Amino acid sequence: MWKDLIDLLFQAYENFGFLPLFIQVAFALIILALAATIVAYSSILVRRYKAYVHEKRMNFITPKIEDLITEQVLLNEQLSMGVPIDEIQFDKKALSDKIYKKLWVRQALIDTIVQYRKNFRGEVGELLRKLYIDMGLTNDSFEKLKTMKWERKVKALTEFSQMDIQISDVTVLPMTNSPNPILRATARNAYVQLSKNEPFKFFDIATEPLLPWDQLELFKIITTTKDIVIPNFSRWISYSGNKSIVSFCLKLIEHYDQKTAIPAVMDLLNSKDHYFRAEAIACLGKLSAEIAEVRLVKIYEHQPLICQVEILRAIGNIASGKYLEFLKHELMYSTSFDIRMAATRAIINHDSDEAREVIREIMSTTYEENRIIIKHCLNPLIKN
Amino acid sequence: MANILVVEDDEIMLKAVKNILSKDGYNVILAKNGKEAFEKLENADYDLVLSDLMMPYANGLEVISRLKNDPAKRHIGIIIVSSVGNEETITEAFRLGADDYLKKPIMAGELLIRIRKLLTNKAVRQSL
């Protein structure tokens, strides 16, 4: 039977060249589809098998790891007796169990400790860190950092950040400028958290952009990490060629209310990028930079709408009272709805008798649409 | 021995909290989500509920709301343990009737103190 089949295939192969072209093409496509199906199914089977093995292994090891953490950390008697964390001794026999020598078990152990650290701080958090160090898991994380695979590097950096383990600048700094956006963002976040002396050093070498979402993450890390040394961000405003870094520094200057940065921010008003200029104007407003008001009013006429609106908002935030007439003029005579809204809000933001008088005066003299704008802006239930 | 229901979808946290509270002498019952918590609340009497906010099926706010709107269970104290830190959600939790709030990552010692304080206050209120 097999011989017949082989003969048939051999015959088909010999005659293949004499078949019409469309039959040849159809035949080739059938072979290709069969091969692709076999490869796809094999790949699915291999993946499923791997997942099955992983699940089986996890089911076996997870209770053991949880028991270890429960006994050595959560229910540690020395912890409840008030022994300092550094002096607490773990049960060496439990830690030196042969099973914890296996690579996959050690990774499962790291993952579990990291997960616990996310949920616990204070003494339990510190003891988890000690367990991680005492079991030599730091070396496992370092090994991952040395590989070429970016996913493993990201994993290692996350582990170091979670366990608060310091890494040398030489190792992390190059990764903060990696072309891979995920590795870059993780390395930057880790660097800020772990570098105790100069957490913002990577701003100096960053040529790759700091993406908006990464800015949010980094901002959260900077503003929530304890004992972080906050530098004067104006130095990057003046010298960094990376626009996203400058933009991010403007936000940090606003957040930390760094008034010493006002001259550097004012220099940005000469930038040719409208959006960049608008950000600088907004920053000056948030810093209540009264010194910048004259300049803002002076450049107002030649600015695009986005910058004009920001200038009006900034004058409202600075609220010196010197430019109420200017704001009144913009509210009454501007043809742009956005300008009139921004001018009205800026006058109201002044929150002074003079400003209230200006509003009363405009209400009695202006036309209906402006009155509606003023009423809208005066409504405390409507947020800006 | 006080009965405490811990509602949490993160299994690691669930077991860890159980171990910490059991060590301190509490009788701990676990629920992996709000729906499971409702079932357990129907079947037994509890002194305190420790609940996460973000959970599948029914979230922590629904747990508080259901508990505080039930006259028979209104007396049960609720402590929210969550990584959600925005003011609106916390305010909403307190408005619905939560007694305390702990932000993750938590400190085991602080959790125990707050539980003890809440249970003591409750006992004092009941004795008056």
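## A helix checked by its length

The expected span of a helix is 1.5 Å times one less than its number of residues. In this predicted model, α20(A) has 14 residues and should therefore span 20 Å.

## Two residues with positive phi

Directly after α20(A) comes D351(A), with a positive phi near 50 degrees. D351(A) sits in the loop that runs between α20 (337-350) and α21 (353-365) of chain A. Is D351(A) buried or exposed? D351(A) counts as exposed because 10 other C-beta atoms lie within 10 Å, and the limit for an exposed residue is 12 or fewer.

D257(A) also has a phi near 50 degrees, a positive value in a residue other than glycine. Its place is the loop between α14 (243-255) and α15 (262-267) of chain A. D257(A) has 10 C-beta neighbours inside 10 Å, so D257(A) counts as exposed. Most residues other than glycine have a negative phi, and most peptide bonds are trans.

## A cis peptide bond in chain B

Chain B has a cis peptide bond, which joins K104(B) and P105(B). Its omega is about 0 degrees. Where does P105(B) lie? P105(B) is in the loop between β5 (100-103) and α5 (108-127) of chain B.

## The overall form of chain A

Chain A contains 22 helices and zero strands. Its C-alpha trace spans about 105 × 85 × 40 Å along the principal axes. The radius of gyration of chain A is 33 Å, whereas a compact globule of 384 residues would have a value near 21 Å.

Of the 384 residues in chain A, 31% count as buried. Contacts between residues at least 6 apart in the sequence of chain A can also be sorted by separation: 67% of them join residues at least 24 apart.

## The nonpolar core

In soluble globular proteins, nonpolar side chains tend to be buried together. Here the largest nonpolar core has 116 residues. Which residues have the most contacts inside it? They are I237(A), C249(A), V265(A) and V49(B). Leaving out residues up to four places away in sequence, C249(A) touches F233(A), W236(A) and I237(A).

## Where the chains meet

How many residues of chain A are in contact with chain B? There are 15 in chain A, and they are in contact with 13 residues of chain B. Three helices of chain A, α2 (21-74), α5 (103-119) and α6 (122-134), each supply at least two residues of the side that touches chain B. Of the elements of chain A, α5(A) gives the most to this side, with five residues. By class, the side of chain A that touches chain B has five nonpolar, six polar and four charged residues.

## Confidence scores

The model scores ipTM 0.79 and pTM 0.76. For chain B, the average pLDDT is 89, and 100% of the residues score at least 70.

Notes
Residues are numbered from 1 along each chain as its sequence is written. Chains are lettered from A and ligands numbered from 1 in the order in which they are written. This is a predicted model: local features need pLDDT of at least 70, side-chain atom pairs count only at pLDDT 80 or more; totals for chains, interfaces and linings use all residues. Two residues are in contact if their C-beta atoms, placed from the backbone, lie within 7 Å. Helices (H or I, at least four residues) and strands (E, at least two) are DSSP runs, numbered from the N terminus. Ala, Val, Leu, Ile, Met, Phe, Trp, Tyr, Cys and Pro count as nonpolar, Asp, Glu, Lys and Arg as charged, and the others, Gly among them, as polar. pLDDT is the predictor's confidence in each residue, from 0 to 100. A residue is buried if 20 or more other C-beta atoms lie within 10 Å of its own, exposed if 12 or fewer, and partly exposed in between; C-beta atoms are placed from the backbone. The radius of gyration is taken over C-alpha atoms; the globule rule is 2.2 Å times the number of residues to the power 0.38. A nonpolar core is a set of buried Ala, Val, Leu, Ile, Met, Phe, Trp, Tyr and Cys residues joined through C-beta atoms within 7 Å.
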